[in-house]
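Subject: Structure handover

Hi,

Here is the structure for your files.

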Amino acid sequence: MGEFFIGDSCIPYLRFGEGEPLVFIHGLGEVKEGWSNQFEFADQYDLIIPDLRGHGEYQKPGEISIKYFAEDVISLLKGLNVESAHICGLSMGGMVAQEIYRQAPEMCRSLMLVSTLHYAPEMLGKLFLRYRKAHAENKSQDVLRETAAKICLYSWNKDNFEKFYQFYRPNREYHFKAMEACLEVNNLTLLPKIKVPTLIIGGQYDSLIPVWVQLLMHKKIPHSEFVIFRNTGHIAKLEAKDSFNRTLRSFLNKHKTAS
């Protein structure tokens, strides 16, 4: 099912299904297969799911930044002759979705911004990055993955941990570069300019990006919809798969554009 798009760079991606194009963009440390709970959308949509630079199979990435993540996705869509698509991004992927809109708003049929942010104060970002680097120093990969799971998940049961570990595969060489890129995001002036249908999703107990951040985004994006998933952390697509998928499908079906 995996394919590679050979353009200015080699972009690994999954593509299957039929219907309007729907792009899923993963979060920091994840891989494209992390959207497996959402593969069912292939019954109505043409799914396009890339690995971002420094993640999954994309291991010769060049410069790491939100700008270049977005350029890769835009390049992939153009290479596949996709004029526009519904764009859904989780966490860092939500930042990439916002940047895609900045660079190519005409390519966005709708936006789904999940457990993400639009702005990180510079000083707070530097302190957070320093803290995370210090706590990762000399730690084994297993310890780092367990720590990430406990931060991202609300329900610490065995099944959730196993599912998380399956698709959380951070690359040490690029992980903190990507984290730093996230902490440089500033979309304060972009959000009020978003004109396409937008769904913003937060998790009630998200300890990584608190749900009040998504509330602020909702207030800044005119006519956006806002949903909070109860009893979930940072990854509602895993912890609340069924209700998450129903919510996305309801939103997407309302905003289909093809005849």
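Start with Asn81. Its place is the loop between helix 1 (66-79) and strand 5 (85-90). Helices (H or I, at least four residues) and strands (E, at least two) are DSSP runs, numbered from the N terminus. Asn81 is not a glycine, yet its phi is positive, about 60°. Asn81 is also exposed, at 70% relative accessible area. The cut-offs are: buried under 20% relative accessible area, exposed over 50%, partly exposed in between (1.4 Å probe, protein chains only).

Before going on, the ground rules. This is a predicted model, with residues numbered from 1 along each chain as its sequence is written. Local features need pLDDT of at least 70, side-chain atom pairs count only at pLDDT 80 or more, and totals for chains, interfaces and linings use all residues, while side-chain values use heavy atoms, leaving out hydrogens and water.

Next, His223. This residue sits in the loop between helix 7 (211-220) and strand 8 (225-229). Phi of His223 is positive too, near 65°, in a residue other than glycine. His223 counts as exposed, at 81% relative accessibility.

Last, Leu188. Look for it in the loop between helix 6 (172-182) and strand 7 (198-203). Leu188 is partly exposed, with a relative accessible area of 30%. What does Leu188 touch, leaving aside neighbours within four places in sequence? Its contacts (heavy atoms within 4.5 Å) are His118, Tyr119 and Lys220. Leu188 and Ala120 are 10.0 Å apart in space, C-alpha to C-alpha, and 68 residues apart in sequence.

Best wishes
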